[in-house]
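Here is a short briefing on one protein chain. Look at the sequence and the model first, then read the points below.

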Amino acid sequence: FALVANSLAMLSDAASMFVDASTYLFNLYAVSCSDKKGRFAERVRIFAPALSALVLSGITIWIMIEAAQELAAPASPVNTGLMLLFGSINLAIDVANLAAFRFFPEAYASVLQVAFGTTASGQLNMRSALTHIIADTFRSFAVIGAALTADWTPASASHSDAVAALLVSIPIVVMTLLLVATV
């Protein structure tokens, strides 16, 4: 639907969700290794969140480059109705996912501690998963914001979409790179 809507903000959200679904399996395996001893289990617990954060950073940087190119290029139409529909659906899913983390308060604390540059004590895999969910939530807000802004200024709909994709990417890159640095 991101391709049908011709929305870079939606494509960013879709790519992120694809990466999330793929890395959650790896994170789940790493969490299952948490009670195991040994060198392999320790490496998995460290490698899983690092890989997850690096892939999310890479996709986000790619989206930033695409957004900059869209801003420099002639505008192409976007389907704001699809953007608003799917952005709203994704936001509801993101809020439900964030609510599920109430069972893991140390993940919230560790993301905030990393964001402010202090040493975090939370489990890296839970922090990685929560970082992805926070990124998804930012992207859902960006898609909705771009759709609403584009409806107000239809002449620059693709620019609204590109600006939303670019603006939401900055905090996501910072969060994921800080997570990688912690790992």
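Helices (H or I, at least four residues) and strands (E, at least two) are DSSP runs, numbered from the N terminus. This is a predicted model, where local features need pLDDT of at least 70, side-chain atom pairs count only at pLDDT 80 or more, and totals for chains, interfaces and linings use all residues. Residues are numbered from 1 along each chain as its sequence is written, and side-chain values use heavy atoms, with hydrogens and water left out.

**Overall fold**

- The protein chain has seven helices and zero strands.
- Along the sequence, the pattern reads α-α-α-α-α-α-α.
- Of the 183 residues in the protein chain, 45% are buried.
- Buried means under 20% relative accessible area, exposed means over 50%, and partly exposed lies in between (1.4 Å probe, protein chains only).

- Leucine 56 sits in helix α3.
- Is leucine 56 buried or exposed? Its relative accessible area is 0%, so leucine 56 is buried.
- Valine 173 belongs to helix α7.
- Valine 173 counts as buried because its relative accessibility is 13%.
- Leucine 56 and valine 173 are 117 residues apart along the chain, yet their C-alpha atoms are separated by 8.0 Å.
- Valine 173 also pairs up with alanine 53 in the distance list: 120 residues apart in sequence, 9.0 Å apart in space, C-alpha to C-alpha.
- Alanine 162 is another residue of helix α7.
- With 0% relative accessibility, alanine 162 counts as buried.
- How many residues apart along the chain are alanine 162 and alanine 67? They are 95 residues apart, and their C-alpha atoms are separated by 4.6 Å.

**The nonpolar surface patch**

- Leu71, Val163, Leu167, Ile170 and Val174 make a nonpolar surface patch of about 400 Å².
- Patches are made of residues with over 30% relative accessible area and no salt bridge; like charges are joined within 9 Å, and nonpolar side chains (Val, Leu, Ile, Met, Phe, Trp, Tyr) within 5 Å.
- A salt bridge is a side-chain nitrogen of Lys or Arg within 4 Å of a carboxyl oxygen of Asp or Glu.
- Accessible areas come from the Shrake-Rupley method with a 1.4 Å probe, and for residues only the protein chains shown count as cover.
- Helix α7 (residues 157–182) gives the largest share of the patch, four residues.
- Leucine 71 is found in helix α3 (residues 39–72).
- Leucine 71 is partly exposed because its relative accessible area is 32%.

**The largest pocket**

- The largest pocket holds about 160 Å³ of space.
- On a 1 Å grid over the protein atoms alone, a cavity is a set of points where a 1.4 Å probe fits but cannot get out, and a pocket is an open set with protein on both sides within 12 Å along at least five of seven lines; lining residues have an atom within 4 Å of a point.
- Grid points are joined across faces, edges and corners, and a volume is the space filled by probe spheres set on the points.
- The lining includes Ala2, Leu3, Asn6, Glu66 and Asp161.
- α1 (2–5), α2 (8–32) and α3 each supply at least two lining residues.
- Which helix gives the largest share of the lining? That is α3, with three residues.
- The lining divides into four nonpolar, four polar and three charged residues.
- Here Ala, Val, Leu, Ile, Met, Phe, Trp, Tyr, Cys and Pro count as nonpolar, Asp, Glu, Lys and Arg as charged, and the others, Gly among them, as polar.

**Asparagine 6**

- Asparagine 6 lies in the loop between α1 and α2.
- Its phi is near 60°, a positive value in a residue other than glycine.
- Asparagine 6 counts as partly exposed because its relative accessibility is 37%.
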